[in-house]
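Me: I have a model to go through with you. Let's start with the interface, then move on to single residues.

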Amino acid sequence: MLNDIITPDLFASAIRMATPLALAAIGGTICERSGIVNIALEGMMLVGAFAGVVASMFFGNAWIGVLFAVLAGALMALIHAFASITLRADQVVSGTAINILALGLTGFLMEVIYGHPGTTDPVARLLPLFSASPSGDGFFGEIWRWVYSIFFSHTPIVYMAILIAIAGQWALYKTTWGLRLRALGEHPRAADTVGISVTRGRYSAVVISGALGGLAGANLSLEQVGSFTENMTNGRGFIALAANIFGRWTPGGSYGASLLFGFADALQIKLQLFRDVITIPSQFFLMLPYVLTVVVLAGVVGRAVAPAAVGKPYEKG
Amino acid sequence: MAGKEAKRMGDRLAVAAENVGIPFISVLIAIAIASVIIWIAGFDPVAAFSALWKGAFGSGRQIGETMLRATPLMFTGLAVAYGFRAGLFNIGAEGQLFMGGLAAAYLGIVLAGLPAPLNIAIMLVAGAAVGAAWAFIPALLKAKVGAHEVITTMMFTYIGRYLVSWLVTGPLKAEGQIPQTEKLPLESTLPRLHEVFAFFPDSRAHMGFIIAIVLAVVVWWILKYTTLGFEARAVGFNPWASENSGISVSATTVKALCISGALAGLAGVTEVMGVHGRLFDQFSSGFGFTGIAVALLAKNNPIGVIFAAILFGALSSGSGTMQLEADVPSKLIFIIQALIIFLVAAEQLAKWIVGRTRKGVTESA
């Protein structure tokens with residue numbers, strides 16, 4: 001039976017499930033590195049997922065859907081930035097408002113556009129980038145099946161997420177942009193003193209995080225499912241925040257932590273196929289990613305150090 | 001001396017005016033923005049809001065329905081407000097509510113046959129305890145390792161919901177096709193208001209409404225006059241200073257989040273005992289999350305929670321009529337909720353607008 005569970009597609013599925021978490025987690029990393037808490041990733045993903053499906057329907061092109069998803073996520077983030085940077089509102093409260101707004105707005109527009117609640121009509125999905133199907137026998141055939149599933153069976157945003165993680169890691173530590181971003185989150189006053197605009201820097205970080213959240217939403221709706229269902233993010237924005245913490249506020253770490261959560265999700269989906277053999281109710285499998293999140297937070301938080309100025313509004317002295 | 005007294009009185013009035021005024025203006029602005037959204041979506045805002053008003057306050061029965069919807073929101077609003085006072089954001093009131101409901105649905109059957117007052121008392125206390133227990137692990141993680149309660153209580157909400165989903169489809173499922181628990185016997189339910197007082201004879205409002213108001217006063221008293229409440233407020237205001245003056249921040253954090261959980265648990269208990277008489281998967285329409293808006297609108301004042309809950313209860317009970325008569329999707333009330341949270345949270349907004357116009361005026365002059 002273990003042979004039926006540990007298959008190439010389990011790992012491929014883990015990478016797929018990790019993608020929305022990783023994109024949102026990297027968004028969280030960039031946002032928190034600039035000193036702004038973003039618990040609104042959940043809402044930004046949800047709005048992105050919805051905008052993507054609607055735009056894909058109107059224009060008949062999934063890529064335009066992706067573009068609108070990214071824009072919608074960035075727009076929600078702009079509201080968060082305005083509230084928490086310009087108005088110096090409580091960032092967690094502003095994030096909560098965004099999450100509720102996202103739930104209400106997508107539900108409301110769904111009924112206005114589609115005339116019913118629940119799930120939208122299916123739209124064109126983004127298809128896997130490489131369409132070769134693995135064949136061949138024997139040892140090499142087996143190897144090729146593993147390699148194909150894990151590396152070549154994915155849709156475009158899955159690869160984009162990996163590139164973004166690598167580019168993000170490089171940018172955060174090797175570029176002036178990254179240095180400035182880290183300064184904003186650690187010691188905004190010092191950054192201000194040497195002529196870095198705290199407001200502008202934080203605005204751009206929040207908007208980038210929203211764009212990544214929107215892209216994560218597009219992955220959910222336009223790649224994984226092909227339609228939008230109300231509240232389809234299902235807490236992923238919060239799991240992504242945990243992944244960001246577990247990844248110690250680095251893009252690479254966020255991606256790695258998301259792989260862990262993605263694997264948990266892939267495993268629970270796989271195990272549900274064996275309901276006849278494993279007589280554990282499906283609800284316990286569905287709990288797995290959430291339980292894992294709590295366990296991970298309990299285990300690592302004490303040793304992971306958040307950016308010093310995160311959550312504190314900056315007032316020019 | 002008299003002048004000083006008068007000045008202090010004046011200051012108090014100014015604070016009170018601000019505490020009532022800002023929420024009031026926020027609600028008005030939120031309704032104005034929502035009207036624009038309704039209009040852009042191609043509906044008639046006037047028809048929408050008059051249908052909403054009719055649905056919320058149009059008759060005795062409708063007023064009762066508003067009270068019915070306000071009841072769980074008072075409990076969850078108090079829960080979130082108590083947490084905020086101690087510097088904790090209990091975003092997972094929904095999960096604690098589910099666990100409180102679970103306790104009531106289970107005990108209500110087990111206790112069948114006992115006298116009603118005893119039954120009701122046991123169920124309320126047990127439901128509160130289970131709600132507190134569901135907040136305990138996040139509380140402990142917050143106090144001991146600093147795990148943010150926003151993530152942990154949210155995760156516990158999902159875990160609790162799946163637990164309830166399993167129990168109502170499996171071990172606690174009643175006979176029949178529908179996944180729900182058995183109907184509670186009469187002695188395990190809360191009487192309706194019209195059975196005790198003689199008003200709104202055909203409304204579904206139940207005694208939970210009165211219990212919630214009494215509890216709001218109790219919570220207000222705890223915060224204002226007890227050591228427990230003082231410590232919670234001190235830690236919420238400044239944890240470092242509190243620790244230095246001998247208050248244990250971690251103990252206070254655990255206590256405060258558990259009390260918050262207990263209050264949220266009661267929302268689930270009274271929904272099961274007063275409204276549905278049983279537990280099922282969808283028995284809460286996000287009361288735990290709306291509780292956040294209630295607490296913020298009330299500026300975390302327990303007495304304010306009563307009024308804020310009635311407002312959101314009215315939006316909820318009126319939204320059905322709005323959908324029916326003006327075709328406006330009832331999801332609109334979530335948008336209004338979010339707008340109110342924004343506007344209350346961003347008190348600076350008014351100052352910012354004033355500052356801008358002033359700047360503009362001086363620059364152009």
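Reply: One term before we start: a salt bridge here is a side-chain nitrogen of Lys or Arg within 4 Å of a carboxyl oxygen of Asp or Glu. By that rule, the interface of chain A and chain B has 2 salt bridges.

Me: Ground rules on the model and numbering?
Reply: This is a predicted model, where local features need pLDDT of at least 70, side-chain atom pairs count only at pLDDT 80 or more, and totals for chains, interfaces and linings use all residues. Residues are numbered from 1 along each chain as its sequence is written, chains are lettered from A and ligands numbered from 1 in the order in which they are written, and side-chain values use heavy atoms, with hydrogens and water left out.

Me: Which residue does B:Lys331 form a salt bridge with?
Reply: A:Glu111. The closest N and O atoms are 3.3 Å apart.

Me: How many residue pairs are in polar contact between chain A and chain B?
Reply: 6, with both residues at pLDDT 80 or more. A polar contact is a pair of N or O atoms within 3.5 Å; within protein, one must be able to donate a hydrogen and the other to accept it, and residues adjacent in sequence count only if both atoms are side-chain atoms.

Me: Which elements of chain A touch chain B?
Reply: Helices H4 (62-86), H5 (91-114), H11 (236-246) and H13 (282-300) of chain A each give two or more residues. Helices are DSSP runs of H or I, at least four residues; strands are runs of E, at least two; both are numbered from the N terminus. H5(A) gives the most, with 14 residues.

Me: And the make-up of that side?
Reply: 31 nonpolar, 10 polar and 3 charged residues. Ala, Val, Leu, Ile, Met, Phe, Trp, Tyr, Cys and Pro count as nonpolar, Asp, Glu, Lys and Arg as charged, and the others, Gly among them, as polar.

Me: What about the area buried between chain A and chain B?
Reply: About 3,800 Å², with carbon and sulfur atoms giving 83%. That is the accessible area (1.4 Å probe) the two parts lose on being put together, summed over both. In contact terms (heavy atoms within 4.5 Å), 44 residues of chain A meet 42 of chain B.

Me: New topic. How is chain A built?
Reply: It has 13 helices and 0 strands. Its radius of gyration, taken over C-alpha atoms, is 20 Å, close to the 20 Å from the globule rule for 317 residues, so chain A is as compact as a globular protein of that length. The rule is 2.2 Å times the number of residues to the power 0.38. Buried residues make up 57% of the chain; buried means under 20% relative accessible area, exposed over 50%, partly exposed in between (1.4 Å probe, protein chains only).

Me: Where is A:Ser56, and what does it touch?
Reply: A:Ser56 is in helix H3 (residues 41-59) of chain A. At 2% relative accessibility, A:Ser56 is buried. Beyond neighbours within four places in sequence, its contacts include A:Asn61, A:Val123 and A:Leu222. A:Leu222 is 166 residues away in sequence, yet 8.4 Å away C-alpha to C-alpha.

Me: Is A:Arg248 buried, exposed or partly exposed?
Reply: Partly exposed, at 44% relative accessible area. B:Asn300 also has a positive phi, near 60 degrees, but B:Asn300 is buried at 16%.
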